[in-house]
Amino acid sequence: MYAINVNNVSKWFRRTKATTIKEFVVKGLWKKEPSAPGLVWALKDVDFGVKRGATFAVIGQNGSGKSTLLKILAGILRPDAGSVSVSGRISALIELGAGFHPEFTGRENIYINGMLLGLTKKEIRKKTDGIIEFSGLRDFIDEPVRTYSSGMYSKLGFSVAVNIDPDVLLIDEVFAVGDEEFVHKCKSKMDEFKRRGKTILFVTHSLQTVEQWCDDAVWLRYGIVKAAGKNEALSSYRQEIFASESSSLLKQNEMVRDELSSKDEAPAETPEPVDEAEGIDSGKRWGTREVEIASVRLLDSEGRERYGFHTGEMFTIEIGFKAHKPVAEPVCGFAILTGDGLWCYGTNTYIEDIRINEITGEGTARITIEKVELLSGTYFLNVAISTKDGHVYDYHNQLYRISITSDRDDVGIFRFRHKWEFKDGFSVE
């Protein structure tokens, strides 16, 4: 029933290395038990099974033990505790160019890899043309692989792995190989494997790929299974990423606010445009500063400061101003941009026919966005205060980052409110 069984597998590595025999003995570096000095866990009591014919994902951040687990399943490493069993012929693509000899040609390396995977010369000869055709490297196949680019390495490695007709396929970052055309070929090949009932286990950072392709998954965190089952693993991992990003963005934006407050000085009698020469990058802030933007915060529906939100959530932009002298009819504005600077939306009080008579001393403006309809991605917030004819008092350009996550697979930037209707021949659940 199970093609892969992982039974309470643990693996540890020694961080401290001895330079002398005396150091080796005194520090107890000869000991192999988990409590020995200098040993760190890569995997700890990992336990799961993969059903025959299933597509299974291992997800987790870098350093979580995913690649170590794949190497154990492929037989490259041995577990220090527990056991693994894999039923059928295994093919693995774990590291870029693993098993390739740089001085041999691509064709020669096909033979070497085929023999390492248990094929006879006759079997390899029958499959060679198919491997070369799939890789798209026919013009380079008789050149030494040391002359290959990283993409060509990936193409050849993947082509060998999937064309020897394995029962179990182990791949690290399955769709992170080659160019767009080759990725499409990889996806078609994976579809074929699934239809033929092959067992696939792969490591990926793409949660969308897991949702679309996988029957099951586990989430590894620092070598420990934190969640098992596709839905539970995805949900738990997303929460972890969301919390981590939110914490990181909060710290970054607090640093910006602290830096702004440290430069909070009254302008000269005849103000000149100001560009920050230190700290905040030049071009990120400008204006004559009769009125300054003293603070910018994003608040959730409960009034907590946050910079990570889900599509559909409400948030409030809170801007603190400080006027060094009374200023008549100021205009306040904001804009949200994509990570590469494309404007998603921008407006100001003048555009919206909101007249501010005057600002004196300190004041606060709040803009509440009832439902953010942006799709997953990193965005920037611009805020400004100026006159209605365009004279800028203070402009903060892409100083504040916002992370948006979505459970949907929409593409683009913005999610329009919409509904579907079907008539006549459609049968819809």
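Biologist: What makes the span of helix H5 close to the expected one?

Modeller: This is a predicted model, and in it H5 covers residues 150–163, which is 14 residues. The expected span is 1.5 Å times one less than the number of residues. That gives 20 Å, and the distance from the first C-alpha to the last is 20 Å.

Biologist: Why is H5 called largely enclosed by the rest of the structure?

Modeller: Because 12 of its 14 residues are buried, where buried means under 20% relative accessible area. Among them are Met152, Tyr153, Leu156, Phe158 and Val162, and also Lys155 and Asn163.

Biologist: Which residues of helix H2 are buried?

Modeller: In H2, residues 66–74, they are Lys66, Thr68, Leu69, Leu70, Ile72 and Leu73. Gly75 follows H2 and has a positive phi, near 85°.

Biologist: How do you know that Arg146 and Glu103 form a salt bridge?

Modeller: The test is a side-chain nitrogen of Lys or Arg within 4 Å of a carboxyl oxygen of Asp or Glu. The closest N and O atoms of Arg146 and Glu103 are 3.0 Å apart, so the pair passes. Glu103 counts as partly exposed, at 47% relative accessibility.

Biologist: What makes Asp142 and Arg107 a salt bridge?

Modeller: Their closest N and O atoms are 2.8 Å apart, and the limit is 4 Å. This pair also links distant parts of the chain, with Asp142 in the loop between H4 and H5 and Arg107 in helix H3, 35 residues apart. Asp142 has 47% relative accessibility and Arg107 has 29%.

Biologist: Why is Glu318 called buried, and Arg366 exposed?

Modeller: Glu318 has a relative accessible area of 11%, and buried means under 20%. Arg366 has 56%, and exposed means over 50%. The two form a salt bridge, with the closest N and O atoms 2.7 Å apart. Arg366 lies in strand E16 and Glu318 in strand E13, so the bridge ties together parts that are 48 residues apart in sequence.

Biologist: How many salt bridges are there in the structure?

Modeller: The structure holds 26. Some are linked in a network that joins Asp165, Lys189, Glu192, Arg196 and Lys198.

Biologist: What makes Lys121, Lys122, Arg125 and Lys126 a patch of positive charge?

Modeller: Lys and Arg count as positive, and like charges are joined within 9 Å when their residues have over 30% relative accessible area and no salt bridge. These four gather in such a patch on the surface. Arg125, which is found in helix H4, is exposed at 51%.

Biologist: Why is Phe422 called partly exposed?

Modeller: Its relative accessibility is 40%, which falls between the limits of 20% and 50%. Phe422 is in the segment after strand E18. Together with Trp420, Phe426 and Val428 it forms a nonpolar patch on the surface, with about 510 Å² of accessible area in total.

Biologist: Where is Lys185?

Modeller: Lys185 is in helix H6 and is partly exposed at 28%. Its C-alpha is separated by 9.4 Å from that of Ser135, 50 residues apart along the chain.

Technical notes. Residues are numbered from 1 along each chain as its sequence is written. This is a predicted model: local features need pLDDT of at least 70, side-chain atom pairs count only at pLDDT 80 or more; totals for chains, interfaces and linings use all residues. Side-chain values use heavy atoms; hydrogens and water are left out. Patches are made of residues with over 30% relative accessible area and no salt bridge: like charges are joined within 9 Å, nonpolar side chains (Val, Leu, Ile, Met, Phe, Trp, Tyr) within 5 Å. Accessible areas come from the Shrake-Rupley method with a 1.4 Å probe; for residues, only the protein chains shown count as cover. The place of a charge is taken as NZ of Lys, CZ of Arg, CG of Asp or CD of Glu. Helices (H or I, at least four residues) and strands (E, at least two) are DSSP runs, numbered from the N terminus. Buried means under 20% relative accessible area, exposed over 50%, partly exposed in between (1.4 Å probe, protein chains only).
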